[in-house]
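Open the model in your viewer and keep the selection panel at hand. The stops below say what to select and what is there.

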Amino acid sequence: MREREIEERIAAALGEEKADLVIADATLLNVLTREIQEGIWVGVRGGWIVYVGEEARDLIGPHTEVIEARGAYLCPGFIDPHAHLDSVYQCAEYARWVVPRGTTTTISETAMVANAAGEEGVRWFIEDTKGLPLRIYVLSPSMIPPFPEFETSKGFPYEAFEALIEEDFCLGLGETYWPRAVDRDPRAMRRYARVISLGKTLEGHSAGARGRKLTAYCAAGTTSCHEATGAEEALERLRLGMGVMIREGYIRRELEAISPIAKAGLDMRGVMLCTDFADPRMVMEEGCMDELVRRAIAYGFDPLTAIQMATINPAAYFGLRRLGAIAPGRWADMVLFEDLREIRVRKVIQEGRLVAENGRLLVEIPRHRYPPEAYRTFA
Ligand SMILES: [Zn+2]
């Protein structure tokens, strides 16, 4: 980030310079205050939001793109905090389907490709995540293979983990099965120690764990779990300070069973929605995070809470300070839609650019070509 760019944003916010993009007269779903604010104008400069407030025609210059948004709801781009894109998706194809429906950020595990193709495979996958109208962050593979007593794989050595975990696009350590942590597997302990020193997240996988064992898993430093199968398990994890990612995807659908927490009067900051393994059929026919938000609303979460669970909550959990909200100083990833229950996405703005409209992508997506050796792996 150059100093000049910061100065430009300040100047645009003060009305001394023009915005690149202005959204006029939207109904803002403010995920920071849980307010619905009508007649809101948003100004964008250099991919950042610089203005949010009352009418601001002074931001409009001859080169400013203006989106008239009267009657439309405006919310931050949706974030999927736990996905396994490395398992079945080519990122470009995934982006082609999910971006027009409002998903603008996905955090993906990389353990499956690491199992199949080792360090090299993770590099191929990271290349695949680049150049898209979608932010894809990764999590480092945890222990590959997780159960070496029963499995063989290419492996992902400590040195490879060490290099990956320091990258900005790597937000933490991918899911570590709870017995590996609670049994103090030296591979887990070494990785946990490094991630804790970096202040990144330690993704959990505490299927079936409760009481002392779940507490010990948290005491180790584990920060999330996407394996709660019902309201009681979700509540136990929330009380222990874990980020609870409610899973609704191909592997399992747990949103309905966990939804009683919507009526419990709890603080929902720690609750997120995730696909875990996004069902390709759902992605193509119904949607991705937009569909999860719709289902959360149908199961009794109020619309603002459902949207928080797919925007500010995951952004806050991962420490993504520039994402998850529509406010000056945040990246301009935004969704315009109709109907607060049906969430019919009309326009998607990513990094200040209108990238999709009425379900169609407006930008070219480069398709990454995996090298021939990638087709000769088997896990
Ligand atoms: Zn998972």
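Start at the second largest pocket of this predicted model. Its lining has 13 nonpolar, 3 polar and 1 charged residues. The pocket holds about 360 Å³ of space. Select D86, S87, V113, Y370 and A374: of the 17 lining residues, these are the closest to its centre. Now colour α2 (85-88) and α4 (111-128), the elements that give two or more residues to this lining. α4 gives the most, with 6 residues.

Move to the largest pocket, with a volume of about 530 Å³. The lining counts 24 residues, and Y137, D168, F169, L171 and L320 lie nearest the centre. Show β8 (135-140) and β9 (170-177); each supplies at least two residues of the lining. Which strand gives the most? β8 does, with 4 residues. By class, this lining divides into 13 nonpolar, 5 polar and 6 charged residues.

Next, the zinc ion. Select H82, H84, E175 and D276, its protein donors. Both histidines donate through NE2, E175 through OE and D276 through OD. The donor atoms lie 2.2 to 2.4 Å from the ion. Check the angles among the 4 donor atoms: they run from 78 to 159°, and the site is irregular. Four donors count as tetrahedral only if all angles lie between 85 and 135 degrees, so this range rules that class out.

Trace the donors along the chain: the spacing is H-x1-H-x90-E-x100-D. Distant parts of the chain are linked here, as H82 and D276 are 194 residues apart. H82 sits in strand β6 (residues 78-83). D276 sits in the loop between β13 (271-274) and α11 (280-285). Are these two buried or exposed? H82 is buried, at 0% relative accessibility. D276 is buried too, with a relative accessible area of 2%.

A search of the whole structure finds 1 cavity of 30 Å³ or more. The largest cavity has a volume of about 40 Å³. Select its lining, which includes P76, I79, T104, R322, W331 and D333. The lining has 5 nonpolar, 4 polar and 2 charged residues.

Finish with the cysteines. The structure holds 0 disulfides. For C170, the nearest cysteine sulfur is that of C91, 15 Å away. C170 is buried, with a relative accessible area of 1%.

How values were computed. Residues numbered from 1 in each chain as written. Predicted model: local features only at pLDDT ≥ 70, side-chain atom pairs only at ≥ 80, totals over all residues. Heavy atoms only, no water. Donors = N, O, S within 2.8 Å, 3.2 Å for Na, K, Ca; no water. Tetrahedral: all angles 85-135°; square planar, octahedral: opposite > 155°, others 65-115°. Buried < 20%, exposed > 50% of the residue type's maximum accessible area, 1.4 Å probe, protein only. 1 Å grid on protein atoms, 1.4 Å probe; cavity = no way out; pocket = protein on both sides within 12 Å on 5 of 7 lines; lining within 4 Å. Points joined across faces, edges and corners; volume = space filled by probe spheres on them. Nonpolar A, V, L, I, M, F, W, Y, C, P; charged D, E, K, R; others polar. Disulfide = S-S within 2.5 Å.
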